[in-house]
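Please keep the sequence and the 3D view at hand while reading.

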Amino acid sequence: MNEVFARGPSLFVRLVIILVLSIGAMMVDTKVANFATARTYLNSLVSPLQYIANLPGAMLSWSADRFSSRQTLLKNNEKLTNQVTLMSEQLQRFRILEQENKNLRKLLDAPVRDSMHKMITELMAVDTSPYSHQIVINKGALDGVFLSQSVLDDSGIVGQISEVGTTNSRVLLISDVTHAIPVRIERNNVRFIAVGDGSLDSLQLQHVPHSADIEEGDVLVSSGLGEVFPEGYPVGTITKIIRNESRPFAEVTATPFAKLDRIKYLLLLWPQVTAPAGAIAPVTILSDAIEPADPEEKQ
Amino acid sequence: MKLNQTLIPASIIVAFILQIMPMPASIDVYRPDWLLLILCYWTMALPNRVGVGATAICGVVLDVLYGTSLGVHSFAMVIPVYLVAANYQRFRNYSVVQQAIMIFILSMLYHMLVYWLQYWLTGVQFRFEFLWPVITSVFLWPWLFWFLRRYRRLLQVT
């Protein structure tokens, strides 16, 4: 107990040293771009903690899987079968449209848009800090994940990869205050930038003139500008427009399509050229879903 | 491996896990400051073992786990822990209720510091939801204090 007296610098000096070091670390972390690689190593170091913290939830869902009744399984099965049937019908039409679109684009000499390779990933942890919206997923550099890769769920864009670890990586959600995504209105192709505002169910459109042709209920899709997000994926829908002429811009709020508060399974997207071996190619999924290939495709 | 040497690191690791364990969004806003409370307890009970140095390291680990800029949580946690370390004898003589009031102030200070630093770095908007953990921490303190003191005495941690 007597060690507490007269050993090393005094308490106050230690405090000051640590505060100065902390501020230095903050500066380095935010201003020095190359520091991201160091963070990758740090992330890999602490990932065992994340795996342990994830265990209770994983065990709960595992036991829920084990003990779910026959009745629920049958009901789920029926629901999913119905869904697959409906979706594959849509897919049949979609394939023809895609082919048609490709042909038209060729006629116009416009570059043909490649479909994306995908990989399904699972949520590992949610950041509990209220100041930032980030999640951790269970795919990392070993699976070919790269920085600022797009992440989707079944209804829209979720965010982009902000840090890559060896076996897991961190996703910055579109609702984070530091995140902005270029979007356009599906109806008339007017372009905006949607910025997160720190709440999970709203985005703000920036610098919208009062005269802009924008209505409540308009659908926002990613515009592909900025070359982070691929073009044409749904982002959100406009829910509120305040046109106060005394302010320089209209105040426009949108609600993201992705269910950011109940994420479980996510999709990672790769452009065709850089896709890793484990990714699902866009064509295989189509031929899996529809057994008899339609005659248009054969030609 | 002696039990009385592993209690402090074990409790800190458990605090980390409790701090990052995924929770439904509706409960998540009430998550108490496990790490800050456990560090405050050990600083008060055994200032020769846990102090500002250990807190700074824990803060950096928490930053990596949370994905915040390195140094935010170490900066914000070191100041409350310093206050405890400087007044540990006074703290020990307080009743549990008085200690809980002190925890209210310390936890509030911690959250305001994290908010200020985050505001400075990223420009977040303040919401009163950010302060719910202060309330839950106050109610958690008496239980945590009782639990940790019991095991500290049982295992004779010095």
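Which residue of β5(A) stands opposite A:Gln134? The residue is A:Leu172 of β5(A). What follows concerns a predicted model, and the description begins with the surroundings of that strand.

**Strand β5 of chain A and its partners**

A:Gln134 and A:Leu172 face each other where strand β2 (residues 134–137) of chain A pairs with β5(A) in the antiparallel sense, over four bridges. On the other pairing, five bridges join strand β4 (residues 157–164) of chain A to β5(A), and these two strands also run antiparallel. Within this second pairing A:Gly159 stands opposite A:Leu173 in β5(A), and β4(A) and β5(A) form a hairpin with four residues between them.

Strand β5 (residues 169–173) of chain A is largely enclosed by the rest of the structure, because five of its five residues are buried. In a regular strand the side chains alternate between the two faces of the sheet. In β5(A), A:Ser169, A:Val171 and A:Leu173 point one way, whereas A:Arg170 and A:Leu172 point the other way, and all are buried.

**The nonpolar core**

The largest nonpolar core has 89 residues, and those with the most contacts inside it are A:Val158, B:Leu39 and B:Cys40. Helix α3 (residues 34–45) of chain B supplies the largest share of this core, eleven residues. If neighbours within four places in sequence are left aside, A:Val158 is in contact with residues that include A:Val171 and A:Leu173, both of which belong to the group of β5(A) residues pointing one way.

**The six-stranded barrel**

Chain A also holds a barrel, which six strands close in the order β6-β7-β8-β11-β10-β9, with antiparallel pairing. From one strand to the next the twist averages 40°. Strands of a sheet pair through backbone hydrogen bonds, either parallel or antiparallel.

| Strands of chain A | Bridges | Residue pair |
|---|---|---|
| β7 (residues 191–196) and β8 (residues 203–208) | four | A:Ile193 and A:Gln206 |
| β8 and β11 (residues 250–256) | four | A:Leu203 and A:Ala254 |
| β6 (residues 180–185) and β9 (residues 219–222) | three | A:Arg184 and A:Val221 |

The hairpin of β7(A) and β8(A) has six residues between the strands, and there A:Gly198 takes a positive phi near 85°.

**Chain A as a whole**

Chain A has five helices and twelve strands, and its C-alpha trace spans about 85 × 60 × 40 Å along its principal axes. Of its 299 residues, 27% count as buried. Among contacts in chain A between residues at least 6 apart in sequence, 59% join residues at least 24 apart.

**Where chain B meets chain A**

The contact takes 40 residues from chain B and 39 residues from chain A. On the side of chain B that touches chain A, the elements that give two or more residues are α1 (3–20), α2 (25–28), α4 (52–66), α5 (72–86) and α7 (96–122) of chain B. The residues on this side of chain B divide into 24 nonpolar, 13 polar and three charged.

One residue of helix α5 of chain B, B:Tyr82, can be followed in more detail. Why does B:Tyr82 count as buried? It does so because 21 other C-beta atoms lie within 10 Å, and the cut-off for a buried residue is 20 or more. Not counting residues up to four places away in sequence, B:Tyr82 touches A:Leu11 and A:Leu15 from chain A, and B:Val52 from chain B. B:Tyr82 and B:Gly51 are 31 residues apart in sequence, yet their C-alpha atoms are 7.4 Å apart in space.

**Confidence of the prediction**

For the complex the predictor gives an ipTM of 0.85 and a pTM of 0.73. Chain B has a mean pLDDT of 89, and 99% of its residues reach 70 or more. Where pLDDT is low, the predicted coordinates should not be read in detail.

Terms used:
Residues numbered from 1 in each chain as written. Chains lettered and ligands numbered in written order. Predicted model: local features only at pLDDT ≥ 70, side-chain atom pairs only at ≥ 80, totals over all residues. Pairing = 2+ DSSP bridges. Axes fitted to C-alpha atoms, helices over the stretch in contact; angles between N-to-C directions. Contact = placed C-beta atoms within 7 Å. Nonpolar A, V, L, I, M, F, W, Y, C, P; charged D, E, K, R; others polar. Buried ≥ 20, exposed ≤ 12 C-beta atoms within 10 Å, placed from the backbone. Core = buried A, V, L, I, M, F, W, Y, C linked by C-beta atoms within 7 Å. pLDDT = per-residue confidence, 0-100.
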